[in-house]
Amino acid sequence: MEIAYTIGGGGIHMKKYRTDNDASAFVAGVPVASDETTAASQGVLQATTTAATPLIGLSVDATAASTAAQVTAGTGGALGNGDNATHVTVAINPDLVYRARLNEGATEDTALVISVQTDAQVAGLNVNSTPAVADNATVWGYNTNANNGFSRTTSAADTVIIAFPNDIAAGDEWLFTEHVAGWTEAAPTLTTALTQIDANTAGTTNKNFVIVEFELKDISDDGRNNSYALMVGYDHAFSGSQLA
Amino acid sequence: MSQALYVPKDKKRNGEDAIPIMSPAAYHSQQQRRREATRQSEFAGRNHGKPHGTFVTDEAEQQKGVILCWKCDHKFDPKKYRYYKTREFKIQGRCDGCKEHTQGANFYIFEGLLGRKHGQCWTPR
């Protein structure tokens with residue numbers, strides 16, 4: 001996960017926070033959350049795969065294991081001239097847009113599965129393919145497909161409401177993610193290491209992110225490994241309000 | 001919600017009963033409590049009176065993001081620590097050297113974190 005842009009167009013505000021003593025080790029590109037419910041919380045935590053309430057921002061530091069002990073430098077430096085608690089640098093803008101890779105399943109860096117059309121559909125309305133494209137998904141043309149580069153949202157039974165611009169032929173290859181841009185009911189589930197989106201898990205009411213837009217690529221740009229969702233935090237600690 | 005008793009002066013003069021009002025703490029919204037909780041977690045940075053440079057290099061040894069204002073920027077050698085000076089966004093934050101909040105700060109990120117794969121967080125453009 002990385003910084004894409006801010007909705008307001010302003011600069012990125014960086015801040016350093018202590019990490020909670022029992023937080024998992026932070027890595028770069030994971031969303032950071034605040035533990036508002038635990039009075040004994042000592043700092044920020046990593047978000048979970050399904051929740052980031054409230055979200056603080058995005059970690060931009062190398063791996064740091066959280067600990068309650070004093071931190072010593074790994075390869076040099078005495079750390080005697082400042083606070084030597086475990087800390088993490090976070091981009092904290094509430095309107096920060098995060099770019100996360102669309103990934104097949106919960107294990108990072110897995111290519112999206114190709115769904116192959118089983119029959120011709122001259123009206124461009126039915127994506128009858130194997131494996132089946134889910135309901136309420138975003139599907140786009142990937143390879144040997146007159147609709148390469150075009151995407152649509154499915155409603156039910158692999159049907160798109162707005163027809164693809166070109167006829168669909170048997171053997172057309174599609175990619176899909178079970179999420180819809182701008183829909184809070186189709187919030188993503190993150191992969192195990194919290195850096196990418198599990199495109200196979202249906203969008204649900206997770207209070208973590210809302211997708212702003214997609215970067216959907218076809219075979220000419222390695223779409224299986226190079227497609228992204230751009231999303232904004234659903235419930236940011238510094239936004240003043242929840243989106244919903 | 002906690003409540004306190006408040007007796008307006010005119011009521012007190014007339015000997016009337018006190019009326020309950022909402023305590024100031026109850027006015028704190030959920031968002032205000034969140035901000036306060038997070039602010040207490042802010043990293044203190046360099047100790048006052050200690051050298052600026054050693055703290056910054058300690059940060060670099062740990063591959064942390066380094067924020068520097070224009071006055072402190074020239075004292076840091078990013079190549080020595082394999083750091084990339086970001087140019088994609090305007091950055092603001094508290095300088096790791098002088099601890100002053102600065103608009104238009106320089107932000108350095110460890111080169112191993114550049115890219116879009118898992119474990120990376122910044123793509124040079």
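Tutor: Let's begin with a term: helices (H or I, at least four residues) and strands (E, at least two) are DSSP runs, numbered from the N terminus. By that count, chain A has 0 helices and 16 strands. Before going on, keep in mind that this is a predicted model, where local features need pLDDT of at least 70 and side-chain atom pairs count only at pLDDT 80 or more, while totals for chains, interfaces and linings use all residues. Residues are numbered from 1 along each chain as its sequence is written, and chains are lettered from A and ligands numbered from 1 in the order in which they are written.

Now to the part you asked about. Two residues are in contact if their C-beta atoms, placed from the backbone, lie within 7 Å. On that basis, 46 residues of chain A are in contact with 43 residues of chain B. On the chain A side, the elements giving two or more residues are β1 (2–6), β2 (12–18), β5 (55–59) and β6 (87–91). The most comes from β2(A), with 7 residues. Sorted by type, this side of chain A has 19 nonpolar, 17 polar and 10 charged residues. Here Ala, Val, Leu, Ile, Met, Phe, Trp, Tyr, Cys and Pro count as nonpolar, Asp, Glu, Lys and Arg as charged, and the others, Gly among them, as polar.

Stay with β2(A) for a moment. Two strands pair if DSSP finds at least two bridges between them, and β2(A) pairs with strand β5 (residues 91–94) of chain B in the parallel sense over 2 bridges. Look for A:I12, which stands opposite B:I91 in β5(B).

What about the interior? A residue is buried if 20 or more other C-beta atoms lie within 10 Å of its own, exposed if 12 or fewer, and partly exposed in between, with C-beta atoms placed from the backbone. Buried residues make up 50% of the 244 residues in chain A. A nonpolar core is a set of buried Ala, Val, Leu, Ile, Met, Phe, Trp, Tyr and Cys residues joined through C-beta atoms within 7 Å. The largest one has 81 residues, and those with the most contacts inside it are A:V32, A:L58 and A:A91. Strand β6 (residues 101–110) of chain B gives the most to this core, with 5 residues. Click on A:L58 and you'll find that, leaving out residues up to four places away in sequence, its contacts include A:V32, A:A91 and, over in chain B, B:C121.
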